[in-house]
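Please look over the sequence and the structure shown here before reading on. The report that follows takes up a few local features in turn.

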Amino acid sequence: MEDMIRTVKVKLDVPDGRYDDLHQTKDQFLYCANTTAAWAWRHPDEHCVTSKQQAENALYDRLRDETALTANVVQKGIRRAIEATKSGVARLKKGETTSQPQFDAWSVVYDKRSATFHRDHVSLSTVNGRVECEYVLPDDPEETPIGEYLLNEEYEFRMSTLQYDRSSEAFYLHARMRRTTDKHEQSTTASNAEHRTVLGVDLNVDGSLAVTSTGAFIGNADEINHRRREFEKTRGSMQQTGTRSAHLSIQSMDDREHRWIQDELHRASNQILDEARDHGCTHVAFENLTDIRDRMAGAKRFHAWAFRRLYEYVEYKAELLGVEVEQVSPAYTSQRCSKCGFTHETNRGSKHQFTCQKCEYELNADYNASKNIARKLLKRLHSEQKSSDGGAPCQYALKSGTLTLNGGFTATVDSTAEGESTDKPTTSVVGY
Ligand SMILES: [Zn+2]
């Protein structure tokens with residue numbers, strides 16, 4: 001079916017006092033695009049870089065440090081410059097003259113990761129948190145593009161741009177609306193296309209950095225902490241840790257240490273996505289990362305920074321795989337028994353050991369938590385799904401197979417070959 005996209009321009013009612021947040025977001029977005037263009041454009045001395053992945057690997061961390069933009073907006077700036085570089089290279093090939101792309105038009109690119117599009121308002125990620133803007137709708141939108149596409153449930157929001165009109169000092173969303181498949185097609189493809197499998201990820205300040213619901217123990221938080229302490233010792237700047245932002249103290253780490261930690265986080269993100277791919281996951285679930293210090297004993301600004309960075313790496317790499325990354329509330333994920341559902345604070349016996357006081361199920365505490373995290377997202381997806389198309393399968397990925405919300409278990413072919421004593425698939429999951 002043809003991919004029909006219509007662009008609809010709608011005026012935004014930006015709250016008083018938030019104009020500057022949008023202007024600064026634009027400035028920093030253009031900075032990302034221009035920095036990338038300057039890096040990628042190497043004509044005539046060398047070939048220009050036209051790989052988004054290569055550009056992201058080279059520039060993402062630096063631009064995240066240099067701007068207050070969220071991960072996805074930085075990424076959109078990089079990608080916009082690479083698209084323009086590609087067009088430039090195509091023109092050069094045709095023998096036309098062209099030069100390094102420059103970005104100065106007032107424009108910020110948003111997609112559903114950096115904006116939440118509703119039929120009556122949009123929530124935009126900015127340098128200063130989210131800004132909620134109502135649409136300014138005409139009195140009688142019926143016959144207008146707004147009525148025909150923006151308000152029409154048969155169209156969904158795609159990558160859109162925020163623009164600004166200087167003469168009227170007004171902000172506009174140029175919403176790109178794509179027609180969704182018709183009802184018949186939706187119902188016949190739902191069981192395949194909408195099949196959902198969730199990978200849960202639990203993050204830790206010691207032991208393994210990340211533990212997945214498939215039983216993968218990824219990264220070494222202790223080693224990261226050690227590296228960080230060594231760094232702080234040599235700098236003798238411990239007294240400043242509490243007052244300076246992690247952002248600054250991370251930046252002040254010498255390049256070698258900084259690179260090592262970033263590499264470690266990159267490696268961990270790749271392993272998480274390997275798990276997701278190997279288990280056919282459509283979604284990856286993390287705990288909500290805000291207020292992580294309040295929640296986790298021993299967590300410092302540094303950990304909050306590292307977790308956010310890891311999450312962002314997973315998020316932008318997941319996009320290339322078509323995998324969604326979501327956050328869920330961390331409430332009770334460490335106290336709930338992933339086998340019987342019994343939830344109590346005494347369930348957690350020791351630091352990394354979980355023992356259910358009701359069914360006596362024992363397993364690694366972080367592994368238990370990761371399964372609960374997966375289940376939380378699954379529940380959310382399931383409830384969203386019930387309201388839309390009603391019955392596509394939802395499941396979460398475990399070490400030995402997948403589990404649906406009502407307890408149905410599908411073992412993977414080689415599950416019998418796996419031998420972790422605390423999680424024998426056929427006993428632990430059937431009694432769910
Ligand atoms: Zn239990």
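## A helix and what follows

Helices (H or I, at least four residues) are DSSP runs numbered from the N terminus, and the expected span of a helix is 1.5 Å times one less than its number of residues. Helix 3, residues 71-93, has 23 residues and should therefore span 33 Å, which agrees with the 33 Å between its end C-alpha atoms. After helix 3 comes Gly-95, whose phi is positive, near 85 degrees.

## Basis of the model

This is a predicted model, in which local features need pLDDT of at least 70 and side-chain atom pairs count only at pLDDT 80 or more, while totals for chains, interfaces and linings use all residues. Residues are numbered from 1 along each chain as its sequence is written, and side-chain values use heavy atoms, with hydrogens and water left out.

## The zinc site

Donors are N, O and S atoms within 2.8 Å of the metal (3.2 Å for Na, K and Ca), and sites may look incomplete because water is not among the atoms. The zinc ion has as protein donors the SG atoms of Cys-337, Cys-340, Cys-356 and Cys-359, lying 2.3 Å from it, and the donor residues follow the spacing C-x2-C-x15-C-x2-C in sequence. Four donors count as tetrahedral if all angles lie between 85 and 135 degrees; the four donor atoms here subtend angles of 108 to 112 degrees, so the arrangement is tetrahedral.

Buried means under 20% relative accessible area, exposed over 50%, and partly exposed in between (1.4 Å probe, protein chains only). Cys-356 is buried at 1%, whereas Cys-359 is partly exposed at 28% and Cys-340 is partly exposed at 31%.

Note on methods: Four donors count as tetrahedral if all angles lie between 85 and 135 degrees; four count as square planar and six as octahedral if opposite donors are over 155 degrees apart and all others between 65 and 115; anything else is irregular. Helices (H or I, at least four residues) and strands (E, at least two) are DSSP runs, numbered from the N terminus.
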